[in-house]
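Welcome, and please load the model in your viewer. We will go from stop to stop, selecting a few residues each time.

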Amino acid sequence: MLIASLLWYLKFRRDLESQGFKLNPYDPCVVNKTVNKKQHTIRFHVDNLKSSHIDPKVNDKFEKWLQVRYGKHGAVKPHRGNVHDYLGMIFDYTEKGKVKVDMKYYVKNMLKEFPVELKTTDTAMTPAADDLFDKGPNKPIKQDKKEVFHTTVAKGLFLSKRARPDLQPTVPFLCTRVKAPDTDDYKKLVRMLWYLNGTKKLKMVLKADNLTILKWYVDAEFAVHKDMKSHTGAMMTIGKGCMYGSSTRQKLNKKSSTEAELVAVDDVMAQILWTKYFLEAQGYKVDENNLFQDNKSAILLEKNGKASSGK
(Lines give C-alpha, C1' and ligand atoms only; values in the text may rest on other atoms or scores of the structure.)
Protein backbone atom coordinates (compact mmCIF):
# COMPACT_ATOMS: atom_id res chain seq x y z
CA MET A 1 0.00 0.00 0.00
CA LEU A 2 2.82 2.38 0.86
CA ILE A 3 4.63 1.65 -2.41
CA ALA A 4 1.41 2.10 -4.42
CA SER A 5 0.86 5.55 -2.85
CA LEU A 6 4.41 6.58 -3.60
CA LEU A 7 4.22 5.37 -7.22
CA TRP A 8 0.97 7.32 -7.72
CA TYR A 9 2.54 10.46 -6.28
CA LEU A 10 5.61 10.21 -8.50
CA LYS A 11 3.47 9.62 -11.61
CA PHE A 12 1.05 12.45 -10.87
CA ARG A 13 3.88 14.85 -10.06
CA ARG A 14 5.65 13.99 -13.34
CA ASP A 15 2.42 14.54 -15.26
CA LEU A 16 1.91 17.96 -13.66
CA GLU A 17 5.51 18.96 -14.34
CA SER A 18 5.09 17.91 -17.97
CA GLN A 19 2.34 20.57 -18.17
CA GLY A 20 4.68 23.28 -16.91
CA PHE A 21 3.82 23.20 -13.20
CA LYS A 22 6.63 23.76 -10.73
CA LEU A 23 6.76 22.16 -7.30
CA ASN A 24 6.86 24.36 -4.19
CA PRO A 25 10.11 23.10 -2.58
CA TYR A 26 8.59 23.49 0.91
CA ASP A 27 5.47 21.40 0.26
CA PRO A 28 5.63 18.35 -2.04
CA CYS A 29 1.88 18.51 -2.71
CA VAL A 30 1.62 22.11 -3.98
CA VAL A 31 2.49 23.11 -7.57
CA ASN A 32 2.21 26.41 -9.42
CA LYS A 33 2.13 27.61 -13.01
CA THR A 34 1.77 31.08 -14.52
CA VAL A 35 -1.16 31.25 -16.95
CA ASN A 36 -2.14 34.56 -18.55
CA LYS A 37 0.22 36.36 -16.13
CA LYS A 38 -1.71 34.97 -13.13
CA GLN A 39 -0.81 32.08 -10.86
CA HIS A 40 -2.52 28.72 -11.23
CA THR A 41 -2.14 26.69 -8.02
CA ILE A 42 -2.86 23.00 -7.53
CA ARG A 43 -2.73 21.36 -4.12
CA PHE A 44 -3.50 17.69 -3.76
CA HIS A 45 -3.87 14.91 -1.23
CA VAL A 46 -3.49 11.57 -3.03
CA ASP A 47 -6.18 11.92 -5.77
CA ASN A 48 -8.15 14.79 -4.17
CA LEU A 49 -7.25 18.05 -5.90
CA LYS A 50 -7.98 21.72 -5.37
CA SER A 51 -7.37 24.00 -8.37
CA SER A 52 -7.33 27.81 -8.16
CA HIS A 53 -7.02 30.51 -10.82
CA ILE A 54 -8.63 33.91 -11.22
CA ASP A 55 -9.94 32.89 -14.66
CA PRO A 56 -12.51 30.02 -14.51
CA LYS A 57 -11.57 28.98 -18.04
CA VAL A 58 -8.13 27.92 -16.80
CA ASN A 59 -9.76 25.53 -14.35
CA ASP A 60 -12.02 24.26 -17.17
CA LYS A 61 -8.99 23.49 -19.30
CA PHE A 62 -7.24 21.74 -16.41
CA GLU A 63 -10.32 19.60 -15.79
CA LYS A 64 -10.39 18.50 -19.43
CA TRP A 65 -6.74 17.54 -19.22
CA LEU A 66 -7.46 15.43 -16.11
CA GLN A 67 -10.34 13.69 -17.89
CA VAL A 68 -8.18 12.83 -20.91
CA ARG A 69 -5.23 11.70 -18.75
CA TYR A 70 -7.08 9.71 -16.07
CA GLY A 71 -10.73 9.40 -17.19
CA LYS A 72 -10.21 5.88 -18.50
CA HIS A 73 -9.54 4.72 -14.92
CA GLY A 74 -12.66 6.47 -13.59
CA ALA A 75 -14.44 9.72 -14.39
CA VAL A 76 -12.94 12.79 -12.77
CA LYS A 77 -15.65 14.40 -10.63
CA PRO A 78 -15.28 18.20 -10.58
CA HIS A 79 -17.04 20.52 -8.16
CA ARG A 80 -17.31 24.25 -8.83
CA GLY A 81 -18.56 27.15 -6.74
CA ASN A 82 -17.98 28.97 -3.47
CA VAL A 83 -18.58 26.00 -1.14
CA HIS A 84 -16.42 22.86 -1.28
CA ASP A 85 -16.31 19.62 0.70
CA TYR A 86 -12.59 18.81 0.76
CA LEU A 87 -10.92 16.19 2.98
CA GLY A 88 -13.64 16.30 5.60
CA MET A 89 -13.74 20.10 5.70
CA ILE A 90 -16.38 22.40 4.23
CA PHE A 91 -14.67 25.47 2.74
CA ASP A 92 -17.09 28.38 2.34
CA TYR A 93 -15.84 31.34 0.25
CA THR A 94 -19.27 33.00 -0.01
CA GLU A 95 -18.26 36.06 2.02
CA LYS A 96 -15.69 38.12 0.11
CA GLY A 97 -12.23 38.21 1.67
CA LYS A 98 -12.95 35.37 4.11
CA VAL A 99 -13.03 31.61 4.19
CA LYS A 100 -15.05 29.65 6.73
CA VAL A 101 -13.86 26.15 7.61
CA ASP A 102 -16.74 24.01 8.86
CA MET A 103 -16.54 20.44 10.20
CA LYS A 104 -19.93 20.16 11.90
CA TYR A 105 -20.79 16.93 10.07
CA TYR A 106 -17.52 15.39 11.18
CA VAL A 107 -18.26 16.43 14.79
CA LYS A 108 -21.79 14.98 14.62
CA ASN A 109 -20.47 11.63 13.35
CA MET A 110 -17.72 11.66 15.97
CA LEU A 111 -20.31 12.08 18.74
CA LYS A 112 -22.70 9.58 17.16
CA GLU A 113 -20.03 6.86 17.01
CA PHE A 114 -19.06 7.34 20.66
CA PRO A 115 -20.67 4.48 22.64
CA VAL A 116 -22.13 6.80 25.29
CA GLU A 117 -25.14 8.69 23.93
CA LEU A 118 -25.02 12.41 24.74
CA LYS A 119 -28.16 14.38 25.50
CA THR A 120 -28.69 17.91 24.21
CA THR A 121 -28.15 19.13 27.77
CA ASP A 122 -24.76 17.40 28.02
CA THR A 123 -22.57 20.43 27.34
CA ALA A 124 -19.52 22.17 28.83
CA MET A 125 -18.27 25.74 28.58
CA THR A 126 -14.66 24.70 27.84
CA PRO A 127 -12.97 21.56 26.40
CA ALA A 128 -11.23 20.88 29.73
CA ALA A 129 -11.44 21.81 33.38
CA ASP A 130 -8.61 23.30 35.43
CA ASP A 131 -7.40 19.82 36.37
CA LEU A 132 -6.47 18.81 32.80
CA PHE A 133 -2.80 18.19 33.66
CA ASP A 134 -3.51 16.82 37.14
CA LYS A 135 -3.30 13.08 37.74
CA GLY A 136 -6.57 11.73 39.09
CA PRO A 137 -7.39 8.28 40.57
CA ASN A 138 -5.29 5.73 38.70
CA LYS A 139 -7.85 3.01 37.96
CA PRO A 140 -7.29 1.20 34.64
CA ILE A 141 -10.18 0.90 32.20
CA LYS A 142 -11.25 -2.18 30.25
CA GLN A 143 -9.82 -3.03 26.83
CA ASP A 144 -12.95 -2.06 24.90
CA LYS A 145 -12.93 1.37 26.56
CA LYS A 146 -9.21 1.74 25.78
CA GLU A 147 -9.92 1.18 22.09
CA VAL A 148 -12.76 3.70 22.14
CA PHE A 149 -10.51 6.19 23.93
CA HIS A 150 -7.72 5.78 21.34
CA THR A 151 -10.08 6.06 18.36
CA THR A 152 -11.91 9.11 19.69
CA VAL A 153 -8.69 10.95 20.58
CA ALA A 154 -7.34 10.28 17.07
CA LYS A 155 -10.53 11.78 15.60
CA GLY A 156 -10.13 14.77 17.91
CA LEU A 157 -6.56 15.25 16.71
CA PHE A 158 -7.70 15.35 13.08
CA LEU A 159 -10.40 17.85 14.01
CA SER A 160 -8.19 20.12 16.13
CA LYS A 161 -5.53 20.45 13.43
CA ARG A 162 -8.01 21.47 10.72
CA ALA A 163 -10.96 23.48 11.96
CA ARG A 164 -11.11 23.42 15.75
CA PRO A 165 -7.91 24.79 17.31
CA ASP A 166 -10.01 25.50 20.42
CA LEU A 167 -9.57 21.80 21.30
CA GLN A 168 -5.94 22.48 22.12
CA PRO A 169 -4.30 21.77 24.56
CA THR A 170 -6.94 19.18 25.54
CA VAL A 171 -6.37 16.85 22.57
CA PRO A 172 -2.53 16.95 22.70
CA PHE A 173 -2.70 16.02 26.40
CA LEU A 174 -5.11 13.14 25.76
CA CYS A 175 -2.74 11.93 23.02
CA THR A 176 -0.10 11.33 25.70
CA ARG A 177 -2.53 9.02 27.52
CA VAL A 178 -3.64 6.67 24.71
CA LYS A 179 -1.19 3.89 25.67
CA ALA A 180 -2.52 3.48 29.21
CA PRO A 181 -5.66 5.55 29.79
CA ASP A 182 -7.37 5.36 33.19
CA THR A 183 -10.75 6.41 34.52
CA ASP A 184 -9.57 9.99 35.04
CA ASP A 185 -8.40 10.25 31.41
CA TYR A 186 -11.71 8.82 30.18
CA LYS A 187 -13.59 11.40 32.24
CA LYS A 188 -11.54 14.18 30.61
CA LEU A 189 -12.32 12.78 27.15
CA VAL A 190 -16.05 12.79 27.92
CA ARG A 191 -15.75 16.40 29.14
CA MET A 192 -14.24 17.38 25.76
CA LEU A 193 -17.09 15.60 23.96
CA TRP A 194 -19.61 17.52 26.08
CA TYR A 195 -17.95 20.72 24.89
CA LEU A 196 -18.16 19.57 21.25
CA ASN A 197 -21.80 18.60 21.79
CA GLY A 198 -22.57 22.21 22.62
CA THR A 199 -20.44 23.76 19.87
CA LYS A 200 -21.15 21.50 16.85
CA LYS A 201 -21.82 24.45 14.56
CA LEU A 202 -18.71 26.43 15.48
CA LYS A 203 -16.70 27.41 12.39
CA MET A 204 -13.17 28.70 11.96
CA VAL A 205 -13.14 32.01 10.06
CA LEU A 206 -9.91 33.02 8.32
CA LYS A 207 -9.11 36.38 6.78
CA ALA A 208 -5.88 37.83 5.43
CA ASP A 209 -5.19 41.52 6.01
CA ASN A 210 -1.70 41.45 4.55
CA LEU A 211 0.11 38.40 3.16
CA THR A 212 3.48 40.11 3.65
CA ILE A 213 3.12 40.38 7.46
CA LEU A 214 3.00 37.25 9.61
CA LYS A 215 2.17 37.41 13.32
CA TRP A 216 3.16 34.65 15.72
CA TYR A 217 2.12 34.45 19.37
CA VAL A 218 4.16 32.06 21.54
CA ASP A 219 3.76 31.39 25.25
CA ALA A 220 4.82 28.82 27.83
CA GLU A 221 3.26 27.52 31.03
CA PHE A 222 6.06 26.75 33.49
CA ALA A 223 6.27 23.30 35.18
CA VAL A 224 2.58 22.61 34.65
CA HIS A 225 2.92 18.84 34.16
CA LYS A 226 3.33 16.25 36.91
CA ASP A 227 6.92 15.53 35.84
CA MET A 228 7.58 19.30 36.15
CA LYS A 229 7.87 19.76 32.40
CA SER A 230 6.50 22.97 30.90
CA HIS A 231 4.01 23.42 28.05
CA THR A 232 4.31 25.35 24.77
CA GLY A 233 1.41 27.09 23.07
CA ALA A 234 1.63 28.93 19.73
CA MET A 235 -0.56 30.39 17.00
CA MET A 236 -0.06 32.31 13.76
CA THR A 237 -2.37 34.74 12.02
CA ILE A 238 -2.23 37.09 9.04
CA GLY A 239 -5.44 38.92 9.88
CA LYS A 240 -8.29 37.03 11.47
CA GLY A 241 -8.38 33.48 12.77
CA CYS A 242 -5.77 30.90 13.70
CA MET A 243 -3.92 29.90 10.51
CA TYR A 244 -1.64 27.60 12.51
CA GLY A 245 -1.88 26.48 16.12
CA SER A 246 0.10 24.09 18.30
CA SER A 247 0.07 22.95 21.90
CA THR A 248 2.80 20.58 23.06
CA ARG A 249 4.52 19.41 26.22
CA GLN A 250 8.16 20.48 26.31
CA LYS A 251 10.76 17.71 26.29
CA LEU A 252 13.20 19.42 28.67
CA ASN A 253 12.89 20.34 32.33
CA LYS A 254 13.59 24.01 33.02
CA LYS A 255 14.58 25.96 36.12
CA SER A 256 12.52 29.08 35.43
CA SER A 257 9.69 30.52 33.40
CA THR A 258 12.29 32.44 31.36
CA GLU A 259 13.93 29.19 30.27
CA ALA A 260 10.50 27.70 29.48
CA GLU A 261 9.66 30.71 27.27
CA LEU A 262 13.01 30.37 25.50
CA VAL A 263 12.42 26.69 24.77
CA ALA A 264 8.87 27.49 23.60
CA VAL A 265 10.23 29.77 20.87
CA ASP A 266 12.73 27.09 19.86
CA ASP A 267 9.88 24.54 19.68
CA VAL A 268 8.01 26.72 17.16
CA MET A 269 10.94 28.27 15.27
CA ALA A 270 11.02 25.60 12.56
CA GLN A 271 7.37 26.31 11.71
CA ILE A 272 7.96 30.07 11.84
CA LEU A 273 10.75 29.80 9.27
CA TRP A 274 8.98 27.17 7.12
CA THR A 275 5.86 29.35 6.80
CA LYS A 276 7.94 32.27 5.57
CA TYR A 277 9.80 30.14 3.02
CA PHE A 278 6.59 28.44 1.84
CA LEU A 279 4.79 31.75 1.23
CA GLU A 280 7.80 33.21 -0.58
CA ALA A 281 7.95 30.12 -2.80
CA GLN A 282 4.26 30.82 -3.58
CA GLY A 283 5.24 34.29 -4.79
CA TYR A 284 4.45 36.40 -1.70
CA LYS A 285 7.36 38.42 -0.32
CA VAL A 286 7.26 38.33 3.49
CA ASP A 287 8.33 41.75 4.78
CA GLU A 288 7.73 41.04 8.47
CA ASN A 289 7.75 37.74 10.35
CA ASN A 290 6.84 38.98 13.82
CA LEU A 291 7.08 36.99 17.05
CA PHE A 292 5.09 38.23 20.03
CA GLN A 293 6.02 37.12 23.54
CA ASP A 294 5.24 38.27 27.08
CA ASN A 295 8.55 37.55 28.85
CA LYS A 296 11.10 40.37 28.68
CA SER A 297 14.00 38.24 29.94
CA ALA A 298 13.39 35.62 27.24
CA ILE A 299 13.16 38.34 24.56
CA LEU A 300 16.53 39.76 25.64
CA LEU A 301 18.13 36.31 25.57
CA GLU A 302 16.76 35.67 22.09
CA LYS A 303 18.09 39.00 20.85
CA ASN A 304 21.44 39.18 22.66
CA GLY A 305 22.35 35.57 23.43
CA LYS A 306 24.97 35.11 26.12
CA ALA A 307 25.30 38.88 26.61
CA SER A 308 21.94 38.81 28.42
CA SER A 309 22.69 35.67 30.48
CA GLY A 310 23.22 35.64 34.21
CA LYS A 311 25.02 32.93 36.14
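How many residues lie between S6 and S7 in their hairpin, and which glycine in the turn has a positive phi? Before you look, keep in mind that this is a predicted model.

**Stop 1: the hairpin.** Select residues 89-92 for strand S6 and residues 98-102 for strand S7. The hairpin leaves 5 residues between these strands, and glycine 97 in the turn has a positive phi of about 85°. S6 and S7 run antiparallel and are joined by 3 bridges.

**Stop 2: across to the next strand.**

**Stop 3: the nonpolar patch.** Now move to helix H1, residues 2-18, where you will find leucine 10. Together with Ile3, Leu6 and Leu7, Leu10 makes a nonpolar surface patch of about 400 Å². Leucine 10 counts as partly exposed because its relative accessibility is 35%.

**Stop 4: the cysteines.** Select cysteine 175 and show its sulfur. The closest cysteine sulfur belongs to cysteine 242 and is 17 Å away, so the two are too far apart for a bond. A disulfide needs sulfur atoms within 2.5 Å, and by this rule the count comes to 0 disulfides. Cysteine 175 is partly exposed, at 28% relative accessible area. Finish at cysteine 29, which is partly exposed with a relative accessible area of 25%.

How values were computed
Residues numbered from 1 in each chain as written. Predicted model: local features only at pLDDT ≥ 70, side-chain atom pairs only at ≥ 80, totals over all residues. Heavy atoms only, no water. Buried < 20%, exposed > 50% of the residue type's maximum accessible area, 1.4 Å probe, protein only. Pairing = 2+ DSSP bridges. Helix = DSSP H or I, 4+ residues; strand = E, 2+ residues; numbered from the N terminus. Patch = residues over 30% accessible without salt bridge, like charges linked within 9 Å, V, L, I, M, F, W, Y side chains within 5 Å. Areas by Shrake-Rupley, 256 points an atom, 1.4 Å probe, with all protein chains shown as cover. Salt bridge = Lys/Arg side-chain N within 4 Å of Asp/Glu carboxyl O.
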